[in-house]
Amino acid sequence: MKEKELRRSLAVLPIGTVMKLTDLTARQIRYYEEQGLVIPERNEGNRRMYSLNNIDKLLEVKDYLAEGINMAGIKQIYAERAQEEAKRQAKREKSLTDADVRRILHDEFVTVSGLSKQNQFSFRNNGL
DNA sequence: CTTCTTACA
DNA sequence: TGTAAGGA
């Protein structure tokens, strides 16, 4: 499920194709870019190149606009999503940290008590 | 021919 | 948002 995401992120579509796929004018597509929504890559000739994910986002923006939401509103929606994503990532990092805490605490115990893995085994055999 | 930027009777 | 201009 990752090879798929990679392909969806490949910028291979020129603006002309995007216009047909989204039914948006070049003017609109470039304007949304100015507004910070859907920034395409550029090829050697400074031409905009879009990915399938870019297409999806443009269609999404188009829908919001059709629903009567203005540029400011759409920006807010994406700003909120970005903040939520940031929090999810922060929480994930915290979980990994907690897992490491056990190992760190365990190693700390072994060091302070002067017990190596091998000696711990020996103690068990001696009824400790 | 397609796309780019800039500007606006 | 449309469209013209001038260049790539």
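**Before you start**

This is a predicted model, in which local features need pLDDT of at least 70, side-chain atom pairs count only at pLDDT 80 or more, and totals for chains, interfaces and linings use all residues. Residues are numbered from 1 along each chain as its sequence is written, chains are lettered from A and ligands numbered from 1 in the order in which they are written, and side-chain values use heavy atoms, with hydrogens and water left out.

**Stop 1**

Chain A has six helices and three strands. Here helices (H or I, at least four residues) and strands (E, at least two) are DSSP runs, numbered from the N terminus. Follow chain A from the N terminus: the order is α-β-α-α-β-β-α-α-α.

Now switch to a surface. Chain A exposes about 10,000 Å², and 52% of that comes from carbon and sulfur atoms. Accessible areas come from the Shrake-Rupley method with a 1.4 Å probe; for residues, only the protein chains shown count as cover. Of the 128 residues in chain A, 23% count as buried. Buried means under 20% relative accessible area, exposed over 50%, and partly exposed in between (1.4 Å probe, protein chains only).

**Stop 2: DNA strand B**

Which residues are around DNA strand B? Select Pro14, Ile15, Gly16, Arg30, Arg42, Asn46, Arg47 and Arg48. A residue is near a strand or molecule if one of its heavy atoms lies within 4 Å of it. By class, this surface has two nonpolar, two polar and four charged residues. Ala, Val, Leu, Ile, Met, Phe, Trp, Tyr, Cys and Pro count as nonpolar, Asp, Glu, Lys and Arg as charged, and the others, Gly among them, as polar.

Color DNA strand B by part. Sugar or phosphate holds 78% of its atoms within 4 Å of the protein, and bases hold the rest. Zoom in on Gly16: one of its polar backbone atoms is 2.7 Å from a phosphate oxygen of DNA strand B. At Asn46, a polar side-chain atom lies 3.4 Å from a sugar or linking oxygen of DNA strand B. A polar contact is a pair of N or O atoms within 3.5 Å; within protein, one must be able to donate a hydrogen and the other to accept it, and residues adjacent in sequence count only if both atoms are side-chain atoms.

**Stop 3: DNA strand C**

Select Thr25, Arg27, Gln28, Tyr32 and Arg47, the residues around DNA strand C. Sugar and phosphate make up 26% of the atoms of DNA strand C within 4 Å of the protein. Find Arg27: a polar side-chain atom there is 2.8 Å from a base oxygen of DNA strand C. Thr25 has a side-chain N or O atom 3.0 Å from a phosphate oxygen of DNA strand C.

**Stop 4: the core**

Select Val18, Ile29, Tyr50, Leu58 and Ile74, which touch the most other members of the 17-residue largest nonpolar core. A nonpolar core is a set of buried Ala, Val, Leu, Ile, Met, Phe, Trp, Tyr and Cys residues joined through side-chain atoms within 4.5 Å. Helix 4 gives the most to this core, with four residues.

Center on Leu58. Its contacts include Val18, Ile29 and Tyr50, leaving aside neighbours within four places in sequence. Contact means heavy atoms within 4.5 Å.

**Stop 5**

Select Thr22, in helix 2. Thr22 is buried, at 1% relative accessible area. Its side chain reaches the backbone oxygen of Val18 at 2.7 Å.

Next, select Ser51, in the loop between strand 3 (48–50) and helix 4. Ser51 is buried too, with a relative accessible area of 3%. A polar atom of its side chain lies 3.4 Å from the backbone oxygen of Arg8.

**Stop 6: two positive phi angles**

Most residues other than glycine have a negative phi. Select Asp23, in the loop between helix 2 and helix 3. Asp23 is not a glycine, yet its phi is positive, about 65°. Is Asp23 buried or exposed? Asp23 is exposed, with a relative accessible area of 61%.

Finish at Val38, in the loop between helix 3 and strand 2 (41–42). Val38 also has a positive phi, about 50°. Val38 counts as buried, at 5% relative accessibility.
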